[in-house]
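Please open the structure in your viewer and keep the selection panel at hand. The stops below are meant to be followed in order.

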Amino acid sequence: MPGFEIFGDEERKEVNDVLSTGVLFRYGFDAKRNGNWKVKTFEENFANYTGAKYCLLTSSGTTALATAMAAAGIGFGDEVIVPPFTFVATIEGVLNGGAVPIFSEIDETLCLSADLIEEKITDRTRAIVVVHMCGSMADIERIKEIADKYNLILLEDACQATGAFHNGKSVGTYGVAGCFSFDSVKTITCGEGGAIITNSKEIYQRADQYHDHGHDHIGNDRGKENHPIIGINFRNTELNAAVGVAQLKKLPKILEIQRKNGNIIKEFLSKYKDITLRKIISDDSDTCTFVNFLLPTEEITRKVALELNQNGADGCFYWYDNNWHYIRKWEHILNMKYPMKIGQTMLDYFPDYSKVKLPLSDSIMSRTISMQVKLSWTEEELNNRLMAMERVFKLNNIN
Ligand SMILES: *Cc1c(COP(=O)(O)O)cnc(C)c1O
């Protein structure tokens with residue numbers, strides 16, 4: 001996820017536009033800003049790119065999720081179905097409003113299993129947050145059908161899947177809202193930043209108000225604006241958005257290179273009968289930020305991941321052992337280590353997460369390796385990488 005790989009003159013120029021006026025705030029200062037509205041420009045361009053009616057830039061992907069949850073009215077005691085394989089920020093977004101994450105199994109899409117969501121639905125279920133992990137989309141049409149059938153709010157965490165489309169429709173436009181991240185290691189970056197896209201005017205307005213202290217943004221005088229709801233400050237700045245404006249223009253090129261490199265590795269891996277590629281729903285739905293593959297056993301997967309990293313094919317993630325992306329090692333969540341005081345009434349809503357059993361997800365995650373795809377690879381480097389993989393597979397009797 002290479003936004004950081006391609007920082008260049010285009011980004012510097014956009015940032016200099018902002019530096020030359022000194023207006024860093026996204027609102028007001030009309031006379032002084034010399035026509036520069038970087039946050040607004042990014043929002044318009046990203047709405048255009050995804051085909052969504054509205055886009056709101058926020059300070060991060062995490063705050064985009066928290067804002068979308070608030071805008072959709074999801075909160076205290078509401079159960080929200082989430083996958084156990086995601087960056088922990090998804091769970092933070094749910095917990096932020098006092099809602100209750102309910103973990104449901106993933107399948108070989110590495111995202112929520114459409115087949116197993118219904119088992120988790122109760123009288124308290126309010127929403128599903130589907131996460132499009134590792135650059136590629138979940139089985140989104142089937143998951144949307146389930147959400148519709150049970151009248152649940154569907155939110156999409158598309159933080160890792162910027163640029164994914166399925167049947168011509170952008171990731172993030174299937175649900176009530178889609179959330180994106182532009183932090184420093186995502187497909188495109190603002191340094192820090194996130195976005196919500198939606199086709200609902202009501203959701204957009206609530207999100208817009210919530211992320212800026214409840215301001216209604218009506219009229220041209222911030223000091224006289226009304227505050228129809230309680231909010232918070234999750235705004236982004238002109239400087240960060242300036243970087244994003246330049247990065248967004250590079251997105252088609254980023255995706256082209258990523259897919260070219262990713263497909264060469266996928267093609268190579270598909271020759272091994274012991275290796276299963278992560279299931280995708282369509283070619284366009286895979287942005288190839290990672291190539292994800294499954295091996296036969298946990299033991300061999302852990303060993304192969306280590307050997308690949310040490311022998312010429314680095315950037316291989318074994319998420320099962322890492323403590324950011326899979327529930328198994330989320331000690332702080334398993335033990336509900338809130339820094340602030342929370343009441344027993346609230347605690348009563350939460351299941352004992354340390355007892356949650358997810359055998360299917362364990363079986364998949366313990367056998368999954370994700371190889372990060374770089375834009376900068378030369379043909380020679382890519383060939384060396386394939387040869388390194390071939391050697392490691394051979395030594396481990398993978399055929
Ligand atoms: C990165 C990420 C987030 C959070 O984004 P930040 O901008 O870092 O706050 C949320 N969900 C997923 C799946 C992510 O990968």
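The tour begins at the ligand and then turns to a helix residue.

This is a predicted model: local features need pLDDT of at least 70, side-chain atom pairs count only at pLDDT 80 or more, and totals for chains, interfaces and linings use all residues. Residues are numbered from 1 along each chain as its sequence is written, and side-chain values use heavy atoms, leaving out hydrogens and water.

**The ligand shell.** Select the ligand and the 16 residues around it, of which G61, T62, S181, D183 and K186 come nearest; a residue counts as near if one of its heavy atoms lies within 4 Å. By class, this shell has five nonpolar residues (Ala, Val, Leu, Ile, Met, Phe, Trp, Tyr, Cys and Pro), three charged (Asp, Glu, Lys and Arg) and eight polar (the others, Gly among them).

**Helices at the ligand.** Next, select helix 3 (61–71) and helix 4 (89–96), each of which supplies at least two shell residues. Helix 3 gives the largest share, three residues. Helices here are DSSP runs (H or I, at least four residues), numbered from the N terminus.

**Polar atoms.** Now display the side chains of S181, D183 and K186. A polar side-chain atom of S181 lies 2.7 Å from a ligand oxygen, and one of D183 lies 2.6 Å from a ligand oxygen. For K186, a side-chain N or O atom is 3.2 Å from an oxygen atom of the ligand.

**V15.** Finally, select V15 in helix 1 (residues 9–21). Not counting residues up to four places away in sequence, V15 touches L239, A242 and V243 (heavy atoms within 4.5 Å). V15 and E238 are 223 residues apart in sequence, yet 8.3 Å apart in space, C-alpha to C-alpha.

Technical notes:
Polar contact = N/O pair within 3.5 Å; in protein donor to acceptor, adjacent residues only side chain to side chain.
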